[in-house]
Amino acid sequence: MRLSFAIATIAALQGAAGVSLAAAAAHADASPFLATASQFLMIHAAAGVGLAALIRSTPKPTANWLAAIALALQAGVTLFASDLAARVFLSGKLFPFAAPIGGGLTILSWCALAVWAAFAMFAANSLQKPPAS
């Protein structure tokens with residue numbers, strides 16, 4: 001699935017942005033906003049790479065759902081971190097409610113991933129052959 005490469009690309013860019021914000025927090029402005037944005041981006045970059053790999057090994061109909069969840073997760077954390085960085089570099093919010101919208105989307109995406117994983121687990125168990133007696 002080609003979308004997995006897009007997800008991995010976004011994750012790599014999130015990782016680069018996270019490291020850049022960590023450097024800015026260490027050398028330019030010791031803002032807790034930058035530290036938080038950096039941590040969120042780097043953690044979710046790793047999650048994005050992992051999800052991209054999982055998408056590649058998942059059957060297509062199920063992988064489509066997983067890809068949508070991964071993209072929503074990436075969109076949410078990017079919006080959240082961008083708003084925090086804007087508060088430092090632009091001295092104002094990205095737009096009203098950007099951080100809560102991004103944070104809420106991130107939380108919902110993690111919950112959706114948990115539901116997806118539970119359904120995938122039950123589907124995998126139902127496909128297994130019962131032991132021969």
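User: Why are helices α1 and α2 called roughly antiparallel?

Analyst: In this predicted model, the axes of α1 (residues 3-27) and α2 cross at roughly 160° and come within 7 Å. Angles run from 0 to 180 degrees between N-to-C directions, with axes fitted to C-alpha atoms, for helices over the stretch in contact. Over 145 counts as roughly antiparallel, under 35 as roughly parallel, 65 to 115 as roughly perpendicular and the rest as oblique. So α1 is roughly antiparallel to α2.

User: What makes up the contact of α1 with α2?

Analyst: The contact residues divide into 19 nonpolar, seven polar and one charged. Ala, Val, Leu, Ile, Met, Phe, Trp, Tyr, Cys and Pro count as nonpolar; Asp, Glu, Lys and Arg as charged; the others, Gly among them, as polar.

User: How do you know that Val49 is partly exposed?

Analyst: Val49 is found in helix α2. Its relative accessible area is 45%. Buried means under 20%, exposed over 50%, partly exposed in between (1.4 Å probe, protein chains only). Val49 is therefore partly exposed. Its C-alpha atom is separated by 6.0 Å from that of Ala11, 38 residues apart along the chain.

User: Why is Asp83 called buried?

Analyst: Asp83 has a relative accessible area of 0%, so it is buried. Asp83 is found in helix α3 (residues 60-89). Helices here are DSSP runs (H or I, at least four residues), numbered from the N terminus.

User: What does Asp83 touch?

Analyst: Not counting residues up to four places away in sequence, Asp83 touches Lys93, Leu94, Phe95, Ala98 and Ala99. Contact means heavy atoms within 4.5 Å.

User: What makes Ser91 and Phe97 exposed?

Analyst: Ser91 has 68% relative accessibility, so it counts as exposed. Phe97 has 60%, so it counts as exposed too. Ser91 is found in the loop between α3 and α4, and Phe97 is in the loop between α3 and α4 as well.

User: What is the phi of each?

Analyst: Phi of Ser91 is near 55°. Phe97 has a positive phi of about 70° although it is not a glycine. Most residues other than glycine have a negative phi.

User: What is the confidence across the chain?

Analyst: The protein chain averages a pLDDT of 93, and 94% of the residues score at least 70. pLDDT is the predictor's confidence in each residue, from 0 to 100.

User: Which conventions apply?

Analyst: Local features need pLDDT of at least 70, and side-chain atom pairs count only at pLDDT 80 or more, while totals for chains, interfaces and linings use all residues. Residues are numbered from 1 along each chain as its sequence is written, and side-chain values use heavy atoms, with hydrogens and water left out.

Methods:
Helix = DSSP H or I, 4+ residues; strand = E, 2+ residues; numbered from the N terminus.
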